[in-house]
Amino acid sequence: MKEDTLIEVQGLQKVYSGKRSLFTPSKKVTAVKDVSFSIRKGETFGLIGESGSGKTTVGRMILRLIEPTNGSIIYNGQSLRDLSNKEMTSLRKEIQIVFQDSGSAFNPRKTIGAQIAHPLKKFGENQDPQFIHQQVLKMLEVVGLRADFFHRYPHELSGGQRQRAGIARALILKPKFLVLDEPVAALDVSVKAQIINLLIDLQKEFQLTYLFIAHNLDLVAYFCNRVAVLSKGEVIETSSTIDLFNNPKHEMTKKLLSSILTLEGDLGEVYKKRSVI
Amino acid sequence: MTTKWKQSCKAFLSDKMATTGAIVILFSLILAVFASWIAPYNPNVVAEGSTRLMPPGTEGHILGTDQQGRDILSRVIFGTQTSLISAVIPVIIAAIISVVLGVIAGYYQGFIGNLIMRTMDIFFAFPAVLLAIAIAAILGPGLLNVIIAMVIVRIPYMTRVVYTDTLQESQKEYVEAAKAFGIGDIEIMFKQILPNVLPSLIVYSTTLAGVTIVTVAGLSFIGLGVQPPTADWGRMASDGKKVLMQGYAFVTFIPGIAILILSFSFSMIGDGLRNALDPYERSKAKEKKKISRKTSQHIA
Amino acid sequence: MNVQSALNTESLLKVEGLSTKIKTPEGVLTVLEDVNLTIEKGEIMAIVGESGSGKSMMINSILQLLPKTLLEAYSGNIEVEGENLFAIGEKKMQEIRGKKISLVAQNAMTSLDPSYRVGKQIVEIMLEKTGLTKEQAKEKALNLLEQMGIDDPKRIFQSYPHQLSGGLRQRVVIAMSLACDPDLIIADEPTSALDPTVQLQVLDLFQTINQQFGTAILMITHDFGVVARIAEKVAVMYAGQIVEKGETADVIFNPTHPYTQSLIKCIPNLDWVFDKGAGKKPLWQIKGEPPNLMNLSQGCRFFNRCHVAKDICQSTNPLLKTVKPYRNEHSVRCVLIGGGNE
């Protein structure tokens with residue numbers, strides 16, 4: 001493991017046992033077959049693949065929201081899978097997740113403020129209510145939300161505002177590593193750009209490392225330093241963003257690249273032209 | 001929360017049927033509590049000077065007297081006690097047990113979930129009324145045993161409701177977010193998921209209370225419920241059937257109508273609550289779904 | 001196509017000064033205001049807008065699908081081949097839906113019934129809306145499925161919706177929308193739920209349909225990439241109004257409204273990846289959020305988020321002005337363009 005590696009995933013695998021019935025043997029479903037990659041401190045690592053490629057499962061396994069069937073996850077020299085539940089709980093402060101906003105990332109019956117404060121109340125060192133309140137307000141400001149959002153309910157927020165609140169919640173315990181699970185896929189174009197810019201600013205401010213999970217490539221190209229392409233539960237290609245775009249090796253990668261829609265219209269053509277040069 | 005609560009209250013009160021239902025229940029609650037003061041006669045004793053089967057409208061006995069000469073109005077008033085108790089108490093007890101079973105089964109699924117839900121399935125194999133009769137017959141007659149029977153009968157239905165909702169809620173990302181912070185299962189189940197499951201359970205319970213009144217009356221009718229001389233609507237209807245065909249139908253009909261009104265009122269409240277507890281968001285989503293469904297029907 | 005439209009003086013769909021008001025718990029809301037657009041036969045037009053811009057209300061207005069409990073009032077005109085939709089009855093309207101205009105929804109599952117085989121569902125529509133016999137309908141359905149680029153139409157015909165992938169399902173829905181040979185297909189973000197590679201295939205399919213059957217297409221989308229790929233004309237919507245419309249090339253390469261300009265700039269530029277000298281430019285963003293239609297103030301609706309706004313924008317309601325008169329004129333709703341408000 002190199003000095004500057006923050007997280008290293010080796011041979012990760014997830015097999016679901018599937019439905020069993022009296023007459024048919026249980027069918028095993030392999031969601032993730034064999035995934036390995038390592039992420040350096042401070043970088044943004046992209047994980048792309050089509051639906052069903054297993055990218056979301058990989059993100060969840062790193063957080064141990066889903067238990068892997070096989071493989072290892074080394075975070076900062078510690079093997080996450082060997083940690084006891086208690087040790088894992090204390091490590092959870094450092095590893096957090098931002099969800100694809102579908103309106104369900106927040107509990108509809110609790111205020112935004114209460115939900116951002118919740119982790120602080122459970123695991124924060126300073127339990128003074130005044131301090132917790134201040135921390136939440138500060139975090140709301142960091143993500144660009146006014147203080148009066150504290151008392152609002154999730155359904156009173158727009159998609160972009162909810163996503164900002166989601167980022168605030170993920171950052172409240174000062175994590176080092178964030179899994180971004182398609183954080184902008186459900187947002188409008190103009191809001192998408194806002195959130196990406198916010199994430200870039202936060203990365204600088206808090207020295208964050210990102211795992212960015214996405215299904216399309218245009219934002220990945222802009223946002224990520226390195227990219228792994230996932231297909232049918234396997235990593236088929238890992239390289240720097242520039243190399244991947246200029247020099248795609250795998251057929252699937254080429255197909256994904258040629259499916260980016262650009263303003264020039266026939267994008268496939270544009271891409272072909274470029275890769276020839 | 002207060003504005004939301006106010007909104008729900010407003011929505012409920014704007015529903016005329018539901019408000020009427022609520023007023024009826026409130027009224028019958030007052031009757032039940034103050035029965036001894038309100039009722040003109042002792043319900044279980046033949047009043048002095050009254051004869052058997054006096055028709056409704058008789059002076060001193062507005063609703064007439066039954067075949068023993070007891071005042072029907074007084075018996076109906078006292079009957080609200082057993083009706084309300086046997087409707088509300090079993091539903092509340094069943095709801096509490098179902099919440100625990102349903103939330104655990106829906107959240108953990110797997111072995112525990114299967115164990116709970118398959119056990120419930122066994123009860124589903126019998127029609128509710130039949131099951132209630134069987135249990136009441138085994139336990140023997142009496143109010144307490146009726147309540148126990150109704151609790152057992154209602155648990156599978158309510159557990160199913162809690163289970164399905166919990167299953168849906170557990171897959172939402174706010175639950176994963178809580179897990180990602182290392183928040184414990186108990187807290188997630190009962191502090192995060194439960195508040196989202198509760199509204200539909202409350203609605204369902206209210207409707208069930210209405211059904212339970214009828215079932216309990218049915219048990220009394222066939223002699224498995226409350227024992228004489230306690231005034232009970234089902235029992236009263238049952239007693240009246242002996243003279244039903246002899247021109248004294250009112251003896252059966254009056255308690256029957258009381259059962260109908262009370263049970264109907266509970267259903268009305270249930271309907272009103274369903275609309276009122278639906279947050280604006282959800283009703284909007286429903287409207288959207290309606291539009292898209294309508295679209296596809298027309299176009300497809 | 002041009003010859004045809006020259007012979008036929010009536011446009012396929014003509015929306016004139018359409019305003020739609022709906023009822024909400026908070027009061028009456030004007031979700032569409034002064035919308036004008038025409039679609040000629042065989043044309044592909046796109047409507048671009050963010051959520052809340054009124055693009056779905058546009059579909060509901062054109063197809064008259066707003067439930068009575070929600071609708072407050074329409075004003076203006078919607079004409080299909082010269083027939084005013086507000087004047088004809090619900091019965092005639094039902095004939096227009098499906099036979100003249102059909103809809104492809106964003107989520108295929110809203111149009112498909114999970115409990116019937118997809119073939120049966122397509123045949124059913126044909127039997128209901130056209131005079132075909134069962135055998136004819138079945139043959140036509142199989143034909144359609146084949147034309148949708150489905151390799152094994154017989155197997156798909158016999159499948160249930162849940163057995164199909166997202167892309168296949170969307171193809172089935174498109175086939176369904178073609179069942180009664182409509183003149184216009186309204187496609188409501190038909191590809192935004194699909195994987196990028198599948199999205200491309202489906203877009204190409206729409207283009208093929210347009211060329212083969214001469215079906216006009218009204219594509220609702222939020223993605224200028226989709227517009228560039230298939231549309232001839234485009235209208236950009238913001239907060240219930242059309243703020244810019246014109247030929248796709250005009251709008252994309254010469255965006256005039258500040259909102260259109262911003263939307264286009266929000267698309268990440270990939271030049272730096274291919275050309276190492278180009279350098280990574282910061283991603284353009286539009287500040288703020290779309291306005292709440294409930295409490296609109298006077299003046300331009302984009303005022304708060306605009307990067308070139310001046311004082312006049314806050315006081316004057318901009319009108320749609322022509323900046324380039326042609327067959328497909330390019331017009332813009334901005335006070336700062338073309339000098340003053342006429």
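A salt bridge is counted here when a side-chain nitrogen of Lys or Arg lies within 4 Å of a carboxyl oxygen of Asp or Glu. By that criterion, a search of the whole structure finds 27 salt bridges over all chains. The structure is a predicted model, in which local features need pLDDT of at least 70 and side-chain atom pairs count only at pLDDT 80 or more, while totals for chains, interfaces and linings use all residues. Residues are numbered from 1 along each chain as its sequence is written, chains are lettered from A and ligands numbered from 1 in the order in which they are written, and side-chain values use heavy atoms, with hydrogens and water left out.

| A:Glu182 | A:Lys55 | 3.6 Å |

In the salt bridge between A:Glu182 and A:Lys55, A:Glu182 lies in the loop between β7 and α6 of chain A and A:Lys55 in helix α1 (residues 55-62), so the pair ties together parts that are 127 residues apart in sequence. Helices (H or I, at least four residues) and strands (E, at least two) are DSSP runs, numbered from the N terminus. Burial is judged by relative accessible area, with buried meaning under 20%, exposed over 50% and partly exposed in between (1.4 Å probe, protein chains only). A:Glu182 counts as buried at 10% relative accessibility, and A:Lys55 is buried as well, with a relative accessible area of 5%.

A:Lys176 is partly exposed, with a relative accessible area of 41%.

Helix α5 of chain A (residues 159-171) has 13 residues and reaches 18 Å from its first C-alpha to its last, close to the 18 Å expected at 1.5 Å a residue; the expected span is 1.5 Å times one less than the number of residues. Of its 13 residues, 12 are buried, among them A:Gly160, A:Arg164, A:Ile167 and A:Leu171. The buried residues of α5(A) pack against β6 (95-98), α3 (112-123), α4 (129-142), β7 (177-181) and α6 (189-206) of chain A, together with α8 (173-180) of chain B, where contact means heavy atoms within 4.5 Å.

In chain C, helix α7 (residues 166-177) has 12 residues and spans 17 Å between its first and last C-alpha atoms, close to the 16 Å expected. This helix is mostly covered, with 10 of its 12 residues buried, including C:Gly167, C:Arg169, C:Ile174 and C:Met176. The cover of these buried residues includes β6 (101-104), α4 (118-129), α5 (134-147), α6 (153-157), β7 (184-188) and α8 (196-213) of chain C.

The UniProt annotation "domain: ABC transporter", from an unreviewed entry, covers residues 13-264 of chain C; UniProt positions are given in the numbering used here, feature names are shortened, and annotations may be inferred rather than shown by experiment. Over that range the chain is 39% helix and 28% strand, and the end C-alpha atoms are 28 Å apart.

## Chain B

For chain B, UniProt (unreviewed entry) places the feature "transmembrane region" at residues 21-39, 84-108, 120-153, 201-226 and 247-269. Residues 120-153 are 82% helix and 0% strand, with end C-alpha atoms 10 Å apart, whereas residues 201-226 are 81% helix and 0% strand, with end C-alpha atoms 28 Å apart.

B:Ile97 lies in helix α4 (residues 72-108) of chain B and is partly exposed, with a relative accessible area of 35%. Not counting residues up to four places away in sequence, B:Ile97 touches B:Val151 and B:Ile155.
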